[in-house]
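Visitor: Hi! I'm new to this one and would like a friendly walk through it. Could you put it up for us?

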Amino acid sequence: MTAASPAQQVLEHFADLARTRGYTLDSAQQAAIERFAILADELLRPRLFRPKAPRSLYLWGPVGRGKSFLLDGFFAALPFAEKRRVHFHAFFCDLHERMFRQPAGGDALAASLDDLLEGCRLLCFDEFHVHDIGDAMLITRLFKALFSRGVVLITTSNYPPEGLLPNPLYHERFLPAIQLIETRMDILSVAGPQDYRSASSVEPDPFGVGAYLWPGSPDQRRALGLPPMVETRVEVAVGHRHLPAISAADGLLQFSFAELCEGPTAVLDYLTLSETWHRWLLDEVPPLREASPAARQRFINLVDVLYDRRLALFLVSAAPLDETLADSEIADMSRTRSRLSQLRQIGTG
């Protein structure tokens, strides 16, 4: 009996997986699987017959369309040892940490990638997003380095390439990276009409388990098991520094809006903390029109990180959500408004 080709193994794996889970794959998912099958044959082709690396893949679509299911299924089915699958932000945090430890004067990015990618020909990033210009500049260098090394890259994202870093203040500076993605990667839309995550009733969405409270009375807090707003502070380690938090106990991290969003924090801080803390409470959220533009952007970034990682978020403000968000429109605020509307709304009056 002739052994199944790598492409056949991938196709059969997904057919078995869908049958076992009771899934009916839509046309977009099926197209992605067929492209994965071609890539499997290309990766397993003898070195003599593959003069250059296969094209990389960029899968994008709204939440709940099965992007992670597709990526995990391909990774598991591929009979190939030189592969690595990682959440993008976890890889990015690791890369930052390694670059920080490199001696001065050398190419910190290249040396760090030597360690991270030893023996790796296929790198799979789940949940690829770009939130601020500092990250964007390093991402551009990272992608150039990966492609120059012949690493095949597969990413999943909620955004098409042109939708990355939408902030008009910075978007133009990220265009070279977008052009690089569009040149070196096949762009696959996984944007079918069915939101499989919201349709599933197996367990509640952890983000939606959170709540928006106004005015955050002691009774409201007690009903949700949330700590009070107090004057004392604790120091929370994040990387090589500490941030002032109201409390950090029992799996819940509590900040004030002023200290987290008006203070000098960044997306990398939220990503690092989200590895440890899966429940967040942000107190004293003001009407966002009264916050600085930088604070509004940090708030948007925080919601993005917690939403993407499916972590529980509790917000406390003096007014209902619509009033808190009124007259505060900046780039991405409409997405934040939509995401926060999924929280339970608990108020008075």
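Visitor: Let's start with Arg289: is it buried, partly exposed or exposed?
Guide: Arg289 is partly exposed, with a relative accessible area of 40%. Buried means under 20% relative accessible area, exposed means over 50%, and partly exposed is in between, with a 1.4 Å probe and protein chains only. Keep in mind that this is a predicted model: local features need pLDDT of at least 70, side-chain atom pairs count only at pLDDT 80 or more, and totals for chains, interfaces and linings use all residues. Residues are numbered from 1 along each chain as its sequence is written, and side-chain values use heavy atoms, with hydrogens and water left out.

Visitor: Where does Arg289 lie?
Guide: Arg289 is in the loop between strand S11 (279-285) and H12. Helices (H or I, at least four residues) and strands (E, at least two) are DSSP runs, numbered from the N terminus.

Visitor: And what does Arg289 touch?
Guide: Not counting residues up to four places away in sequence, Arg289 touches Arg296, Glu323, Ala326, Asp327 and Ser328. Contact here means heavy atoms within 4.5 Å. The C-alpha atoms of Arg289 and Leu325 are separated by 7.4 Å, although these residues are 36 residues apart along the chain.

Visitor: What about Arg149, where is that?
Guide: Arg149 lies in the loop between H6 and strand S4 (152-157). Its relative accessibility is 36%, so Arg149 counts as partly exposed. Leaving out residues up to four places away in sequence, Arg149 touches Ala110, Leu113 and Asp114.

Visitor: New topic: which residues have the most contacts inside the largest nonpolar core?
Guide: Those are Trp280 and Leu282, in a core of 40 residues. Helix H12 (residues 293-308) gives the most to this core, with eight residues. A nonpolar core is a set of buried Ala, Val, Leu, Ile, Met, Phe, Trp, Tyr and Cys residues joined through side-chain atoms within 4.5 Å. In soluble globular proteins, nonpolar side chains tend to be buried together.

Visitor: What is Leu282 in contact with?
Guide: Setting aside neighbours within four places in sequence, the contacts of Leu282 include Phe255, Phe257, Leu260, Phe299, Leu302 and Phe314. There is also a second, separate core of 37 residues, which includes Leu123, Ile133, Val151 and Ile181.

Visitor: Now the helices: how do H6 and H7 cross?
Guide: The axes of helix H6 (residues 133-148) and helix H7 (residues 175-184) come within 9 Å and cross at roughly 25°. Axes are lines fitted to C-alpha atoms, for helices over the stretch in contact, and angles run from 0 to 180 degrees between N-to-C directions. H6 and H7 are therefore roughly parallel to each other. Angles under 35 degrees count as roughly parallel, over 145 as roughly antiparallel, 65 to 115 as roughly perpendicular and the rest as oblique.

Visitor: Which residues meet there?
Guide: From H6 they are Thr140, Phe143, Lys144 and Phe147, and from H7 they are Ala177, Leu180, Ile181 and Arg184. By class that gives five nonpolar, one polar and two charged. Ala, Val, Leu, Ile, Met, Phe, Trp, Tyr, Cys and Pro count as nonpolar, Asp, Glu, Lys and Arg as charged, and the others, Gly among them, as polar.

Visitor: And how do the axes of H4 and H6 cross?
Guide: They come within 12 Å and cross at roughly 90°. That makes H4 roughly perpendicular to H6. The residues of this contact divide into eight nonpolar, one polar and two charged.

Visitor: How about helix H4 with helix H5?
Guide: The axes of helix H4 (residues 88-101) and helix H5 (residues 108-116) come within 9 Å and cross at roughly 120°. H4 and H5 are therefore oblique to each other.

Visitor: Last one: which residues does the cis peptide bond join?
Guide: It joins Trp214 and Pro215, with omega about 0°. Pro215 lies in the loop between strand S6 (211-214) and helix H9 (218-224). Turning to phi, the value for Arg310 is near 55°, which is positive in a residue other than glycine. Arg310 is buried, with a relative accessible area of 13%. Most residues other than glycine have a negative phi, and most peptide bonds are trans.
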